[in-house]
Amino acid sequence: MKRSASALVVAVVVAAGLCGCGASGTPLHGVNTAVRRTLAVTWLRYEISLERPSLFKAPLSVQGGRAAYDVKTGLGYAFLQLKLPSGGYQILFCDLEPTTFLLSPSPAPAGVLPAGKSWISAPLSTPTADHTLAAQAEGLAPALFLDEVAWGARRASSLGTQVVEAVPMDEYRVSVDLATALSAARRARRGSIAAAIEQELHASPSGRVSIIVWVSGPGYIGKIKSEVPGSGLGTASFFFSSFTRPYTGTPPPASQIVPLASLERPGQSLWGIATSS
């Protein structure tokens, strides 16, 4: 769903309460309770930061983005702002569905999209789907990290209290067993998340991933940060700015969507096609 940058600027909203599992009072218990509480809301609004991504060829650079995610339906809406060599900017609008990823470049590179088309679609969970793309698409949404912690966290260590966007939060490093998380994703029939975790597992010799989480005073995840191995996203950080405000955009009409398979060029990814790089 295409939207302006200002449409996703939101205020910080927090709430209170605890739930979870694990030994009470341990860092792992504190993280689990915050993750489960966060997954119990309907809407998550957050700011995106990508450190050292390799999705785009230099001198393109990611300036950041904002997003909204519907926890109940698995629908995500985001934009990434890219700085162009000319000094101008390009916006990539992203719609994440449970089985499909949609991308709309604005402005679109000349001659890339057929007349009347503004969105590129790609499957995420079919037998022939690109697992790298699944890791990239799911790596822009919070459910991947939150579910990995909920399903596969093995230990957590406290890193003290940090001030994040002027809010004091408890910081933890969590070690996630990816094989355990993958099994849980498959049992839950979360196809695209399973594909993303499978890609991470393939790219992680240890079979584990380290996720940094910040827990706010009311007991929600206020920020989360991790690499998505094998994705090219680099290190992704999400700062949650609202747990209550819904997104009210509309999906793109089918007439404006073109399948990625009809645009694929040797050696070019979805991101390369969208930016003509």
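Pro107 is found in the loop between strands E5 and E6. Helices (H or I, at least four residues) and strands (E, at least two) are DSSP runs, numbered from the N terminus. A cis peptide bond joins Ser106 and Pro107, with omega at about -5°. The model is predicted: local features need pLDDT of at least 70, side-chain atom pairs count only at pLDDT 80 or more, and totals for chains, interfaces and linings use all residues. Residues are numbered from 1 along each chain as its sequence is written, and side-chain values use heavy atoms, with hydrogens and water left out.

A cis bond also joins Ala58 and Pro59. Here omega is about 10°. Pro59 lies in the loop between E1 and strand E2 (61-70). Positive phi values occur at Glu165 and at Arg189. Most residues other than glycine have a negative phi, and most peptide bonds are trans. Phi of Glu165 is about 50°. Glu165 sits in the loop between strand E7 (153-164) and strand E8 (167-177). This residue counts as exposed, at 54% relative accessibility. The classes are set by relative accessible area: buried means under 20%, exposed over 50%, and partly exposed in between (1.4 Å probe, protein chains only). For Arg189, phi is near 60°. Arg189 belongs to the loop between helix H4 (178-187) and H5. Arg189 is exposed, with a relative accessible area of 78%.

Gly116 is placed in the loop between strand E5 (100-106) and strand E6 (119-123). Its relative accessible area is 61%, and Gly116 is exposed. Neighbours within four places in sequence aside, Gly116 is in contact with Ser255 and Gln256. Contact means heavy atoms within 4.5 Å. Gly116 and Thr33 are 83 residues apart in sequence. Their C-alpha atoms are 47 Å apart in space.

The axes of helix H2 (residues 131-138) and helix H5 (residues 191-203) come within 8 Å. They cross at roughly 110°. H2 is therefore roughly perpendicular to H5. Angles under 35 degrees count as roughly parallel, over 145 as roughly antiparallel, 65 to 115 as roughly perpendicular and the rest as oblique. Axes are lines fitted to C-alpha atoms, for helices over the stretch in contact, and angles run from 0 to 180 degrees between N-to-C directions. H2 contributes His131, Thr132, Ala134, Ala135 and Glu138 to the contact. H5 contributes Ser192, Ile193, Ala195, Ala196, Glu198 and Gln199. By class, this contact has 5 nonpolar, 4 polar and 2 charged residues. Ala, Val, Leu, Ile, Met, Phe, Trp, Tyr, Cys and Pro count as nonpolar, Asp, Glu, Lys and Arg as charged, and the others, Gly among them, as polar.

Ser204 lies in the loop between H5 and strand E9 (208-216). Ser204 is buried, with a relative accessible area of 9%. Leaving aside neighbours within four places in sequence, Ser204 is in contact with Leu178 and Pro229.

In strand E11 (residues 235-242), 8 of the 8 residues are buried, so E11 is largely enclosed by the rest of the structure. Strand E1 (residues 43-51) pairs with E11 in the antiparallel sense, over 7 bridges. Two strands pair if DSSP finds at least two bridges between them. Arg45 has Ser242 of E11 as its bridge partner. Strand E10 (residues 221-227) also runs antiparallel to E11, joined by 5 bridges. Here the bridge partner of Ile224 is Phe238 in E11.
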